[in-house]
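Trainee: I would like to learn how to read this fold. Please take me through it.

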Amino acid sequence: MNDQLKYLTRRAASGLMTRREFVGRAGALGVSAVAATTMLSSAVKAAGPVKGGTLRMGLQGGSTTDSLDPALSTNQVSLMLIRLWGEPLVELTDDGGLQGKVAESFEASADAKTWTFTVRQGLTFSNGQEVTAADVAETLDRHSGEDTKSGALGLLRDIANVRTDGRNVIIELNNANADLPYLMADYHLVIQPGGGKSAPDAAIGTGPYVLKDVDMGVRIVAEKNPNYWGDLGNAETIELVVINDNTARVAALQSGQVDLIDRVPPRTAGLVSRAPGVTVASTAGPGHYVFIAHVNTAPFDNQDLMLALKYGMNRQELVDKVLFGYGSVGNDSPINASYPLYTEFEQREYDPDKAAHHFKKSGHDGPVLLRTSDNSFPGAPDAAALFQQSLAGAGIELEIKREPNDGYWSEVWNNKPFCTSYWGGRPTQDQMFTTAYLSSADWNDTRFNNEQFDQLLIAARAELDTGKRTQMYADMGTILRDEGGLICPMFNDFVDAYTDKLGGWVENVNGFALMNSYAPLRMWVNA
Amino acid sequence: MPLLVRLLVQRIALGLLLLFLVSILIFAGTIILPGDVAQSILGQSATPEALANLRRELGLNDPPVTRYFHWLGGVLQGDLGTALTSGQDIATAIGKRLGNTLFLAFWAALISVPLAILLGLIAVRYRERWPDKVISAVTLASISVPEFLIAYVAIFFFSVRLRWAPSVTTINDSMTLGEKLHTISIPVAVLTVVVLAHMMRMTRAAILNVMQSAYIETAELKGMRMFNIIWKHAFPNSVAPIVNVVMLNMAYLVVGVVVIEVVFTYPGMGQYLVDHVSKRDIPVVQACGLIFAAVYIGLNMIADIVSIISNPRLRHPK
């Protein structure tokens with residue numbers, strides 16, 4: 001079989017090409033329809049998970065300053081390491097539902113104020129110790145205690161009490177929350193022996209791999225955990241190399257030094273996908289690039305000025321020119337179709353006349369100052385320049401101030417009244433709104449303070465009727481879209497790439513990039 | 001000879017004073033930078049409580065002067081402290097990185113220094129003729145192109161197209177020397193190209209300067225071969241400026257190759273330093289700064305001493 005045919009067969013077998021398409025393309029290579037069908041069925045049989053081998057990946061975002069303590073994890077590489085060695089209580093399924101990991105099952109009391117998680121029977125940590133309910137309780141305590149540094153603290157604030165009863169962990173909340181299990185899927189909250197209190201960075205958990213050779217920010221080698229309970233982890237060894245430079249990462253994939261990379265720059269993704277044996281996979285997700293204004297600060301406290309800016313944004317142009325099509329238009333709400341209870345509402349379009357009308361009505365005079373930097377999101381300065389152009393079409397002057405990357409997150413974001421930024425998104429509406437739009441939120445980076453919105457958010461948490469909840473979230477989305485300080489022009493896709501040495505990529509997995517960071521655990525190395 | 005010893009002691013004392021001043025400068029620099037360690041470590045996911053807890057734990061609430069002297073006390077006892085961000089022992093972490101940096105610098109220097117001097121000698125031998133012009137044109141062109149571009153072009157041809165050597169040059173302890181050398185072959189080649197021109201031009205200029213002297217003419221009249229005259233008579237007398245420029249370039253190979261390290265994902269000091277600067281990890285930045293300064297000052301001192309030894313006029317100052 002020649003290479004071209006081999007490639008087609010593999011694509012068809014892994015579902016990237018329809019059977020009809022395959023037979024047609026194989027025919028073009030001089031293979032009869034009957035032979036092609038036989039070829040395909042044997043390939044499908046062979047395409048099941050292959051055990052063993054070494055899976056090599058090159059990821060962006062790691063740094064020598066990273067810690068193995070999951071509480072301090074902030075980037076893609078440290079997230080990936082947590083996935084290798086540890087597991088949270090529950091995890092998202094591909095379509096955004098939930099499945100048990102350390103917890104075998106979970107259930108709520110009728111008022112959604114008390115939740116019971118049952119620890120999986122016979123589960124052991126990689127050091128051989130059995131997982132108990134106390135380990136779970138201690139883990140939650142470490143991330144929510146008085147002196148914690150955990151990035152998950154914000155999620156756990158509402159917990160009143162955690163107690164154990166045999167294999168059950170019982171979590172009592174101050175306020176009802178129908179989404180509590182989603183919070184437990186947060187990657188910081190992997191279960192560690194004794195809660196990781198004595199050795200937070202020991203990397204001992206219940207995950208499918210055990211870290212063997214760790215050089216933070218450089219290279220990490222992990223080997224299969226022989227006592228892993230589940231079916232994750234096909235490769236015997238996983239080698240992770242941190243390659244922060246975009247060009248270097250793509251070159252490493254093209255030259256076959258790694259077989260899986262994340263963050264293919266959208267600008268070059270088209271070129272990369274044309275290389276033989278390389279597949280670029282684009283996954284829609286909840287991540288979005290934003291222009292955020294403090295609506296309690298002049299001049300952005302002026303509703304008409306905000307509307308002028310919103311109507312002055314050419315969203316499609318930004319998707320085309322900044323994301324190169326690897327994304328979708330936003331609608332000034334942080335929620336898109338990747339959320340479970342999403343309702344579509346009318347798309348806000350670029351309308352220079354309306355923008356000019358609202359601008360005039362606002363009575364604002366002079367330019368509007370926008371701050372941006374290269375690292376606020378990839379292509380942010382270009383996006384700002386395009387925004388400047390589209391606003392100029394409505395007679396509004398935008399002044400762009402370029403800020404240094406260094407210190408942007410501490411000095412500009414959540415600090416200055418109007419700037420560019422990004423959000424990675426959250427698994428549920430409740431989490432996204434609670435994190436950034438509740439008036440008391442830690443990262444209320446638009447200084448949004450709307451009583452009705454806050455009430456709806458709290459009420460929705462306790463609402464177990466899905467229909468009513470969906471309506472509540474739709475109403476909140478409308479409030480935010482019309483009165484909020486968020487201008488959301490686009491949702492960015494995750495753009496990853498792998499070579500044909502690997503099989504098992506699944507399209508459109510909910511969550512983070514690289515199949516919610518499970519790609520190396522679910523893919524396999526073709527023999 | 002006691003004069004030479006006194007000179008050496010003087011130089012070393014001056015070097016130490018310089019290092020001390022450098023450490024103050026670096027500390028002041030990291031204080032002036034906007035943002036603080038706690039915020040940088042926790043990033044976008046920082047809550048006010050988490051920030052306050054981390055600040056207290058890292059001792060960031062002490063005044064800067066106290067922190068500086070605390071650190072200086074440690075360094076004088078040979079303790080570089082622990083990294084604020086990862087809690088690792090700095091000396092251990094740097095030791096490994098410094099080893100990698102020196103490994104790369106050593107092989108780049110081993111190839112580039114003799115090559116540059118040889119090319120310089122050839123350029124002098126055939127001055128104003130085509131070998132001289134070709135050497136000058138090629139080396140000047142290579143120094144004018146930014147090093148990351150040379151690196152990308154080299155990666156494209158030698159790694160992606162021809163697959164001779166890897167573009168990801170993450171070396172580790174489990175590799176043999178041969179594997180390591182194969183791994184770093186492209187970065188070594190790129191570094192050689194980058195530092196060649198400077199040293200070659202200086203060799204050529206310094207020797208040409210000496211070639212005007214009367215004793216060279218005498219040697220020529222004796223009927224010596226041109227290359228022998230250059231090698232035996234002109235070169236020893238122009239060693240001082242050449243050593244100076246060689247040392248400057250070696251210092252560059254140790255402290256200035258961060259761009260190459262990033263492009264080739266090489267686990268050296270540069271990348272290590274940059275990671276910690278962006279997280280405001282002051283103890284690590286200071287330790288790296290101190291080592292870089294020490295390398296720079298040390299190599300320059302060697303250059304000074306070599307020029308003094310090689311030149312009798314400097315050895316016996318009036």
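Mentor: Start with contact: two residues are in contact if their C-beta atoms, placed from the backbone, lie within 7 Å. Helices (H or I, at least four residues) and strands (E, at least two) are DSSP runs, numbered from the N terminus. This is a predicted model: local features need pLDDT of at least 70, side-chain atom pairs count only at pLDDT 80 or more, and totals for chains, interfaces and linings use all residues. Residues are numbered from 1 along each chain as written, and chains are lettered from A and ligands numbered from 1 in written order.

Trainee: In what order do the 7 strands of the open sheet stand?

Mentor: Strands pair if DSSP finds at least two bridges between them. Here the order in chain A is E8-E9-E10-E1-E11-E19-E12, with mixed pairing. E8(A) and E12(A) are at the edges with a single partner strand each, so one side of each has no neighbour in the sheet. E1(A) and E10(A) run parallel, joined by 6 bridges.

Trainee: How many residues of chain A are in contact with chain B?

Mentor: 37, facing 40 residues of chain B. H8(A) gives the most to that side of chain A, with 5 residues.
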